[in-house]
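Subject: Structure handed over, with notes

Dear colleague,

Please find below the sequence and structure we spoke of. My notes follow, for you to read with the model open beside them.

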Amino acid sequence: MYSEEWCHSLTSEFSKSLISEGKAKIIVNDVFYNPKMKFCRDVDMKVFEKLNADDYLDALSATGIRGIRAYLEASYNPIFNDKDKKAVKTIKMNLKLNKIEAEVLNEDANVLMRRRSFTHIDIDPFGSPSMFIDSACYSAKKYMSVTATDTAALCGSAITSGLRKYSSFVEKTEYYHELGLRNLIGKIAREITKYDKAIDVLISWGKEHYYRVHLKIKRSTRLAGELYKRVGYIFHCRKCGFRDWKSFEDEQMERHICSICNEKMRMYGPLWIGELHNIDFIKRLEKKGEVGELFKRIEEEIDIVTYYNTHNIACMLKTSPPPLDDLINYLKEVGYKASKTRFGGSTFKTDASIIEIKKAFTSLK
Ligand SMILES: C[S@@+](CC[C@H](N)C(=O)[O-])C[C@H]1O[C@@H](n2cnc3c(N)ncnc32)[C@H](O)[C@@H]1O
Ligand SMILES: [Zn+2]
């Protein structure tokens, strides 16, 4: 094992760039490290604690922070990889600093994932994960975790980028964060089924600059085929705000006219239209602190495709929005399901139609 003196000399040499995060201490040494992703890694650790993986590939490790925390906080067995030699040197130093012995590889992640299978694969790239998804789908046996920071391509702000990277057409809407997540999961779903594997979304969320998903993988030709019940299109009326969604298996794919105002509807997809989390899994997560707040919001969110934003509806009605809690209570009182969403702010989900929602706005004035 590594002596205290060795660790001490290392930490004094790099004292300026020594960082503590969770139970880990790392040296950054000019390798990529984003302190803003701490919350994401905090959530990850709570999720990993509940998983059962023999091995975990931190495929794009950089400093190794995620794999190191997974070892220290979730009793994981990480394997580290980065194609950058400087990153590999830094990971090795950080492993010594945290008294961890683990395999460190210096390969192109795609080549590695074609060569070897891993129980749990984590893809945390610069920008888009799209170029790693196929290999990860091929290699991952039980779990896959993916981060995307190319939110503009995923949520419809950069339409052509979205088409190039995710082969899906989306435009900016008031529920753009949800479109982004559904786009990312949809891409993974469409890539994985050719390997006779299906996915179940354990948890997913989005923040301003990233989306993150943790998926359970199931090997089954039957389930892979059935996955297309949960992949489909969202139809959106830009005039009145009405939405609808249909899976690939649905017979009414040709219904492109808004049933409320007769306007031609926009068709977004292909996208994931299944659940954005597994409720039994979410119930098992500890609801403490800031991370727990996210778990609570997800647990309380109703399973409806797309959310609304009170500000957008108020704008359509040329009025001011009611308080979110009042609106949700009102909708529930008149017999609909309604909840806040994981995306926060003034967003809400409901099974009430856009007509009923607008009526609620008028009643609450
Ligand atoms: C965003 S950083 C990873 C951050 C890290 N997971 C964390 O939590 O701080 C992306 C890393 O991927 C590495 N990388 C980029 N392309 C790669 C490839 N094709 N194969 C392996 N590593 C790659 C880069 O060198 C960089 O260190
Ligand atoms: Zn309409």
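A word on terms before the details: helices and strands here are DSSP runs, a strand being a run of E of at least two residues and a helix a run of H or I of at least four, and both are numbered from the N terminus. In that sense P270 has its place in strand β12, which covers residues 266-272, and the peptide bond that leads from G269 into P270 is cis, with omega near 0°. Please keep in mind throughout that this is a predicted model.

Taken as a whole, the protein chain has 15 helices and 15 strands. Its radius of gyration is 22 Å, close to the 21 Å that the globule rule gives for 365 residues, and the chain is therefore as compact as a globular protein of that length. The C-alpha trace spans about 70 × 40 × 35 Å along its principal axes, and 44% of the 365 residues count as buried. Among contacts between residues at least 6 apart in sequence, 58% join residues that are at least 24 apart.

One sheet deserves a look of its own: it is open, has seven strands in the order β5-β4-β3-β6-β7-β9-β8, and its pairing is mixed. At its edges stand β5 (104-105) and β8 (197-207), each of which has a single partner strand, so that one side of each is left without a neighbour in the sheet. Within this sheet, β6 (residues 118-123) and β7 (residues 140-148) run parallel and are joined by five bridges, with F118 standing opposite A140 of β7.

N29, with a phi of about 50°, is found in the loop between β2 and α2 (38-48), and it is partly exposed, with 17 other C-beta atoms within 10 Å. K99, with a phi near 55°, has its place in the loop between α4 (85-97) and β5, and K99 is exposed, with 11 other C-beta atoms within 10 Å.

Which residues are buried in helix α8? In α8, which covers residues 159-166, they are G162, K165 and Y166; seen down the axis of α8, the buried residues fall within an arc of 80°, so they line one face of the helix. Their cover includes α6 (130-139), α7 (151-155) and α9 (176-192), while the face turned away from the buried side carries the exposed residues T160 and R164. After α8 comes S167, whose phi is positive, near 50°.

Finally, the ligand. Ligand 1 is surrounded by 20 residues, of which the closest are L60, A62, K83, D84 and A109. The elements that give two or more residues to this shell are α3 (65-74) and α5 (109-115).

Note on methods. Residues are numbered from 1 along each chain as its sequence is written. Chains are lettered from A and ligands numbered from 1 in the order in which they are written. This is a predicted model: local features need pLDDT of at least 70, side-chain atom pairs count only at pLDDT 80 or more; totals for chains, interfaces and linings use all residues. A residue is buried if 20 or more other C-beta atoms lie within 10 Å of its own, exposed if 12 or fewer, and partly exposed in between; C-beta atoms are placed from the backbone. The arc is that of the directions from the helix axis to the C-beta atoms. Two residues are in contact if their C-beta atoms, placed from the backbone, lie within 7 Å. The radius of gyration is taken over C-alpha atoms; the globule rule is 2.2 Å times the number of residues to the power 0.38. Two strands pair if DSSP finds at least two bridges between them. A residue is near a molecule or strand if its C-beta atom, placed from the backbone, lies within 6 Å of it.
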